[in-house]
Amino acid sequence: MQPRELGSIPPYRPRLGLDVSDRLRLGSNENPLGPSPKAIEAVRADATRMHRYPARPHAELDAALADRWEVETEQIWLGAGAVSVIDTLTRAMVDPGEAILRPDPGFSYFGRSNLSHYGVERTYPMSKSRSFTLDSQAILDVYAGEPLVYINTPHNPTGALASRAAVTEVVEGTDPSTLVVVDEAYEPFSTEPSMASLVNETDRVAIIRTFSKTYGLAGARIGYGIIPPSIASAYERVSTPFGVSRLACVAGLAALDDEAYLERSIAVARRGRTYLDTEIKATTWPSEANFVLVEVGDAATVTELLKQNGLEVKDCTNFGLDSCIRITVGTSEQNRLAAEIINQVVS
Ligand SMILES: Cc1ncc(COP(=O)(O)O)c(C=O)c1O
């Protein structure tokens with residue numbers, strides 16, 4: 001037996017990390033502080049209820065998020081990470097054979113999700129000469145009626161911001177049948193506010209957010225979409241039944257309440273990215289996220305050399321940036337060591 005023809009879908013192979021000590025594991029934009037302590041406590045307390053399906057914790061997290069973003073609970077689409085929300089959107093919005101439009105360079109799962117749902121991907125350029133800031137005209141120049149247009153701010157892997165004005169121009173320049181999806185996985189680290197209010201203002205924008213980065217819950221797998229009223233009810237038809245684990249819901253709910261952790265997490269990212277930007281003796285781009293893009297020459301070779309020196313970073317060749325690596329902000333000590341190793345290897 002064979003799976004269907006999957007050749008056009010690039011495989012995703014998770015890295016296992018350098019070693020169990022995680023000393024300088026700075027390749028996946030994980031939070032260096034560990035999980036929110038309130039989330040740990042809540043998961044411990046709920047562990048004895050793992051035999052129960054997650055209907056109630058799911059509803060409680062929906063309600064808390066709806067309250068926070070001033071939308072109806074139906075407009076919150078929970079998923080096992082932001083990637084799962086992307087899949088749910090694909091199932092809800094895209095017919096087989098249709099394309100989605102995503103940034104290049106950019107987070108590849110926007111396209112991979114559609115490829116695995118019998119669709120295709122098209123891209124719009126994020127140009128180095130504009131420091132990777134969003135150019136609405138570059139999107140509208142290639143737009144051909146795609147049902148989903150993805151924007152990511154702060155942008156992975158560059159840390160650049162999209163302006164609210166640029167997003168609005170994209171909404172206004174595309175068909176009423178197109179949903180503009182703004183992925184804000186890294187937004188809390190940035191100095192700009194969320195664009196979530198556009199969801200109800202326009203009925204054409206969806207927002208994607210995650211607990212993986214700012215709340216340190218990447219391993220719990222919990223993210224969500226804030227979805228316009230007109231399509232919100234599709235979730236009940238296309239989502240996986242009980243697709244978000246009970247412990248993930250419980251962790252997310254507790255983390256939302258952990259203001260102290262959130263503040264620390266944001267401060268560490270902001271301080272650290274400034275440090276890396278200043279200390280690394282190579283071209284870097286100003287970042288509004290918890291990572292910094294660094295121009296190193298031959299990214300694949302440098303990534304390997306850094307690995308031999310105990311430092312794990314992201315080789316951006318797969319993003320189409322074969323001269324760049326992306327380094328996640330760590331603790332002060334990790335940042336100091338990482339900058340030292342990068343400077344040695346690059347020189
Ligand atoms: C832009 C962007 N969106 C979504 C995700 C996935 O987040 P999650 O861990 O919630 O699936 C990532 C993860 O790196 C990302 O960079």
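Pro154 is located in the loop that runs between β4 (148–152) and α6 (164–173), where helices (H or I, at least four residues) and strands (E, at least two) are DSSP runs numbered from the N terminus. The structure is a predicted model, in which local features need pLDDT of at least 70 and side-chain atom pairs count only at pLDDT 80 or more, while totals for chains, interfaces and linings use all residues. Residues are numbered from 1 along each chain as its sequence is written.

The peptide bond between Thr153 and Pro154 is cis, with omega about -10°. Pro157 is also found in the loop between β4 and α6, and the bond from Asn156 to Pro157 is likewise cis, with omega near 15°. Most residues other than glycine have a negative phi, and most peptide bonds are trans. Tyr118, in the loop between α4 and β3, has a positive phi of about 65° although it is not a glycine. Asp203, in the loop between α7 (197–202) and β6 (205–210), has a positive phi near 60°. Tyr118 counts as partly exposed because it has 13 C-beta neighbours inside 10 Å; Asp203, with 14 other C-beta atoms within 10 Å, is also partly exposed. A residue is buried if 20 or more other C-beta atoms, placed from the backbone, lie within 10 Å of its own, exposed if 12 or fewer, and partly exposed in between.

Strands β2 (residues 99–104) and β3 (residues 120–125) pair in the parallel sense over 6 bridges, pairing being assigned if DSSP finds at least two bridges between two strands. Within this pair, Ile100 stands opposite Glu121 in β3.

The domain assignment, which is automatic or taken from a database, gives domain 1 (37–256) and domain 2 (259–346). Their C-alpha centres lie 25 Å apart. In domain 1, 22 residues are in contact with 22 residues of domain 2, contact being defined by C-beta atoms, placed from the backbone, that lie within 7 Å.

Notes:
Contact = placed C-beta atoms within 7 Å.
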